Amino acid sequence: MSSLLHVGDRLDLDLETERWVCGKCSQDLGNARDNVKRGLLVAERDPAEVHPPLIAGEFTFSPNPQWVRILEFYCPGCGLQVETEYLPPGHPITNTTELDLDAIKARLAAGELVLDDGHLRPAGEEQR
Amino acid sequence: MSIPTVAEKLAALKVTTASDYERACADALPRGAYEIAVQRTADILDEGYEIFMRSSRSSMGVAGDSIVAMFNAAGDLVNASAGTYLHAVIPPIVIKYIIAKYSDNPGIEDGDIFYTNDALYGGIHNPDQVAITPVFFDGKLVAWTAALSHTTETGAKEPGGMPVSATSRFEEGMNLPPMKIGRDFRINNDIIELFRAFGIRAEANVTVDLKARCTTADRVRLRIVEMCKREGVDFVTGLFRRMLDEAEAGARKRLTSWPDGTYRCVTFSDAAGNLRGLIRNCCMTVTKRGDGMVIDFTGTSPENLSSYNAHPQAVVGHLANYIYEYVFHDLPISSATFAPIDFVFPEASCLSPTARAATSNAVMICSGAMSAVANCISRARFPTYEWQQATASMGNGGNATVIAGLSQWQQPFADMIAYPINTEGQGARSCCDGMDAYGFPWCAFGRAPDVESIENEFPMIIPFSQHWPDSGGHGRFRGGCGTAQFWAAHHVPALYFMAIADNSTIQTPQPIFGGYAPPTVPGLSLKGTRVSELFGHLDNDTLDFQSLVEGRFGELATEPFGRVTRPINGDETVTIGLSTGGAGFGDPLERDYDSIERDLVKGLCSAWSAEHVYHVVWDAERRRIDREASDAARHEARRARIARGRAFDAFEAEWSTRKPPEDILGLYGSWPDAQPLAPAFRP
């Protein structure tokens, strides 16, 4: 039975090995007790590469690149874009998700939760 | 001074402990009668909501931007009908204040009507006003009712109730602390006159909305009295207590099913009123443990000298928008559902300002909290069996525009145009795109008026209303598209116009799981164009969003979307009304070809984005995606990502040495932790 927990759209966490895993290519992405972004490649994009200016002037439908940059986080195995974050230049990068692995595993072991098709389900509840 | 403290207000959100009498009444409810009676409360409130919309005069009231609620005798919210969930959680603060402060003087009697619109005492911002009535039966206080809605005029320094140029609460017009405005089921005439005086710009809106609130609260009061007559006070008391018990149990059960953990999101905005600068408008840390969670705003930027501040309970109200829409959608709107949630607000921040702060645009600064809570909670829920309820954030643009003056019917008016705010795109969902023009993130059930209704009500002509392409954030599932409307002054020599929003330089919502945010939204108008003459040149062209941005109808003037009040001459462009799209979900390279093709055909996605964001090869002539060529293009795009991507540690080491330009950090606080650098002084 798979021990993969779906944590993001294409991001899994192997509860047995406590490793982040790419949901597209199964690349190992690092220790699941650490920020997953540390196991991903990072690229900084000018927002105009995604939101092109539609008109001339200071306010153009495109974010001002002096105010904000787009950080893209890729799986080093397949190039999947796992996360993005819009940040002012130099702003600390956010660790968005810190799961309490010990608590999850304890609840699974106690039968309180069931890992069903990659998602946690309370025992006795039906899959939705 | 007896203004409630932040701690007192947050404590009032919690459900009061059941008395022995209440517990006994709840235990004695007959089997089956409880479920029927719960539905009866919903029916009563729905009736009240319908009456409210039909009785209101201002655009927001007619659109249904309101809530009708009932409470137990202690002031705990038992159930409500919405409208907007914005007001769902916080009215108990006001009712508990009335009970604590006014029981002796001026007293609480059958037939009394209480009222407030002052956010210092527990509201959102002063356009949002509430009428509250105690419910007596056989001389005993058994319940409370309330009707809350937004009226777009408060007698502030600018029309429309949300002055972008206000620097303190003393410039925001009418601010009434909780007060008794009526006795014996009648509003005092001196109070109506007070409202007329503050509402000179739009007297009908202000006084009719006042009466609509009182009428609605009284109708619900009447129905509760009827229920007491029919079922007995013990039954109603027990019903309310058990509804609170069940709601809290339901909320705790839901939270228990999520994995314990810590979830974070930071969001930014680019303006506070007419002050421009970078603001960390929300720094959210959600810590979920067991059956409860703590939402901590530490790290949010300091309060500022504009009206873009929000008192803490107003922030909680904004969280309720998302939480009731997506998380507790199947639970009663009740104090009890929020009982498991605690909050931490940093003092003197824009989400917990000092008493003199202007807060009439609380809704704008709270767009960050609304976006962050969607992001954090979706991260907590995606690993669970409720994963399909995980979403990207709404756009939360709140691109509100106000026009004022003398209408074509010779009536003074000052009102908000309900169409753009009620047609924002929904955040992308985890199994499909966000809905295009889904509605108003602040009011899930608000209704966009027909163009004909707007033109009939206001001195404007509206040549087009449409979705605008690429307005939804890109992703495997894209955010829903927002709308564009062209507004021109019509029938009158001139009108006044102002606009309330930010997101013209940077956007607030963060996307999720590899998607993108929606684009920024500028303030747009046609320079010096006589609209009637423009209509004469439409023979060979189409006036729409695309033709405007391509300059085919003249030069566009661009500026920040938020604009202080200005006159607009008749026959000139008021502005291009733009509502934002929702944020995107997942890697755009994972988006299926059929969806991209459909968006291209419908004009919801541009050919540029198809090529540069989705990396597909679009055959414009055959109106088809070349799938084989697209497979190759996407393969190449993924290789390019790996080639340009850098190891996290090396990237972070260099990234962390950078800083935005100093001249945009005046509102931010210290860099990068956003601590106050000096107190905010207001005269």
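Modeller: In what follows, Ala, Val, Leu, Ile, Met, Phe, Trp, Tyr, Cys and Pro count as nonpolar; Asp, Glu, Lys and Arg are charged; the others, Gly among them, are polar. The model is predicted.

Biologist: How many cavities of 30 Å³ or more are there?

Modeller: Rolling a probe the size of a water molecule over the atoms shows where empty space is left. In this structure the count is 11 cavities of 30 Å³ or more.

Biologist: Which residues lie nearest the centre of the largest cavity?

Modeller: Its lining has 15 residues, and those nearest the centre are Met60(B), Met162(B), Val363(B), Phe440(B) and Trp442(B). Sorted by class, the lining of the largest cavity has 10 nonpolar, 3 polar and 2 charged residues.

Biologist: What is the volume of the second largest cavity?

Modeller: The second largest cavity has about 110 Å³. It is lined by 16 residues, with Gly122(B), Gly123(B), Ile124(B), Val130(B) and Leu148(B) closest to its centre. By class, the lining of the second largest cavity splits into 7 nonpolar, 7 polar and 2 charged.

Biologist: Which element gives the most to the lining of the second largest cavity?

Modeller: β4(B) does, with 3 residues. At least two lining residues come from each of α5 (91–107), β4 (128–137) and β5 (140–150) of chain B.

Biologist: Now the rings. How many aromatic pairs are there over all chains?

Modeller: Rings pair if their centres lie within 6.5 Å. Over all chains, 25 aromatic pairs pass that rule. One of them joins Phe114(B) and Trp144(B), with 6.3 Å from centre to centre and 55 degrees between the planes, a tilted pair. Phe114(B) belongs to strand β3 (residues 113–116) of chain B and Trp144(B) to strand β5 of chain B, so the pair ties together parts 30 residues apart in sequence.

Biologist: Is Trp144(B) buried or exposed?

Modeller: Buried means under 20% relative accessible area. Phe114(B) has 0%, so Phe114(B) is buried. Trp144(B) also has 0% and is therefore buried. In another pair, Phe382(B) and Phe585(B), the ring centres are 6.3 Å apart and the planes stand at 50 degrees, so the pair is tilted. Phe382(B) is buried at 4% relative accessible area, and Phe585(B) is buried at 0%.

Biologist: Which residues form an aromatic cluster?

Modeller: Tyr85(B), Tyr324(B), Phe328(B), Phe338(B) and Phe445(B) form one.

Biologist: Where does the charged end of Arg242(B) sit?

Modeller: It sits over the ring of Tyr34(B), 4.0 Å from the ring centre. The charged end of Arg563(B) sits over the ring of Phe561(B), 5.1 Å from the centre of that ring.

Definitions and conventions:
Residues numbered from 1 in each chain as written. Chains lettered and ligands numbered in written order. Predicted model: local features only at pLDDT ≥ 70, side-chain atom pairs only at ≥ 80, totals over all residues. Heavy atoms only, no water. 1 Å grid on protein atoms, 1.4 Å probe; cavity = no way out; pocket = protein on both sides within 12 Å on 5 of 7 lines; lining within 4 Å. Points joined across faces, edges and corners; volume = space filled by probe spheres on them. Helix = DSSP H or I, 4+ residues; strand = E, 2+ residues; numbered from the N terminus. Phe/Tyr/Trp six-rings, centres within 6.5 Å; stacked < 30°, edge-to-face > 60°. Buried < 20%, exposed > 50% of the residue type's maximum accessible area, 1.4 Å probe, protein only. Lys NZ or Arg CZ within 6 Å of the ring centre and 35° of its normal.
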